[in-house]
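Please look over the sequence and the model shown here. A short report follows on how some of its parts pack.

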Amino acid sequence: MTERDAKKELMRRAKDIDATVRVGKDGIGESLFAEITAQLKKRRLIKVKILKNAESDAEETAESIAAATDSVVVDVRGGVVVLTDKRTWTSLCQKKFE
């Protein structure tokens, strides 16, 4: 499976889940990173909603969250970021269908 196919599969899975973490005017901090890491361990795929009153835009916030939590940004649309853990990402990318 290519990275593109893995992204499609994860987006299909993310379609039915709700955003469980919200980034607001307080921005991103250690407590937010800890919460995202805990949720990724439990669920493997989460959505993060970046509210309009957040200081930075969604792309910058997604990249900094991914770097701090050792996760992969699957997609950013508007103010919603879909994140997955690296283990799920690599296993999907290496999967082969016949």
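This is a predicted model: local features need pLDDT of at least 70, side-chain atom pairs count only at pLDDT 80 or more; totals for chains, interfaces and linings use all residues.

Residues are numbered from 1 along each chain as its sequence is written, and side-chain values use heavy atoms, with hydrogens and water left out.

## Helix pairs

Two packed helices are described by the angle between their axes and the distance between the axes. Axes are lines fitted to C-alpha atoms, for helices over the stretch in contact, and angles run from 0 to 180 degrees between N-to-C directions. Helices (H or I, at least four residues) and strands (E, at least two) are DSSP runs, numbered from the N terminus.

| Pair | Crossing angle | Axes |
|---|---|---|
| Helix 2 (residues 30-43) and helix 3 (residues 58-69) | roughly 70° | within 10 Å |
| Helix 1 (residues 3-14) and helix 4 (residues 86-94) | about 125° | 8 Å apart |

Helix 2 and helix 3 are therefore roughly perpendicular to each other. Angles of 65 to 115 degrees count as such, under 35 as roughly parallel, over 145 as roughly antiparallel, and the rest as oblique. The crossing of this pair, helix 2 and helix 3, is right-handed. That term applies if the near helix is turned clockwise from the far one by less than a right angle; anticlockwise is left-handed. From helix 2, Phe33, Ile36, Thr37 and Leu40 meet Ser64, Ile65, Ala68 and Thr69 of helix 3. Contact means heavy atoms within 4.5 Å. The residues of this contact comprise five nonpolar, three polar and no charged. Nonpolar covers Ala, Val, Leu, Ile, Met, Phe, Trp, Tyr, Cys and Pro; charged covers Asp, Glu, Lys and Arg; the others, Gly among them, are polar.

Helix 1 and helix 4 are oblique to each other. Their crossing is right-handed. Helix 1 contributes Glu3, Ala6, Lys7, Glu9, Leu10 and Arg13 to the contact, and helix 4 contributes Thr88, Trp89, Leu92 and Cys93. By class, the contact of helix 1 with helix 4 has five nonpolar, one polar and four charged residues.

Thr84 sits in strand 4 (residues 80-85). Is Thr84 buried or exposed? Thr84 is buried, at a relative accessible area of 0%. Buried means under 20%, exposed over 50%, and partly exposed in between (1.4 Å probe, protein chains only). Leaving aside neighbours within four places in sequence, Thr84 has contacts that include Leu10, Leu40, Arg44 and Trp89. A polar atom of the Thr84 side chain lies 2.7 Å from the backbone oxygen of Arg44.

Arg44 belongs to the loop between helix 2 and strand 2 (45-50). Arg44 counts as partly exposed, at 35% relative accessibility. Phi of Arg44 is near 70°, a positive value in a residue other than glycine.

Asp70 lies in the loop between helix 3 and strand 3 (71-77). Phi of Asp70 is positive too, near 55°.

Ser56 is in the loop between strand 2 and helix 3. Ser56 is partly exposed, with a relative accessible area of 32%. Not counting residues up to four places away in sequence, Ser56 touches Ile50 and Thr61. Ser56 and Val23 are 33 residues apart in sequence and 10.0 Å apart in space, C-alpha to C-alpha.

Notes: A polar contact is a pair of N or O atoms within 3.5 Å; within protein, one must be able to donate a hydrogen and the other to accept it, and residues adjacent in sequence count only if both atoms are side-chain atoms.
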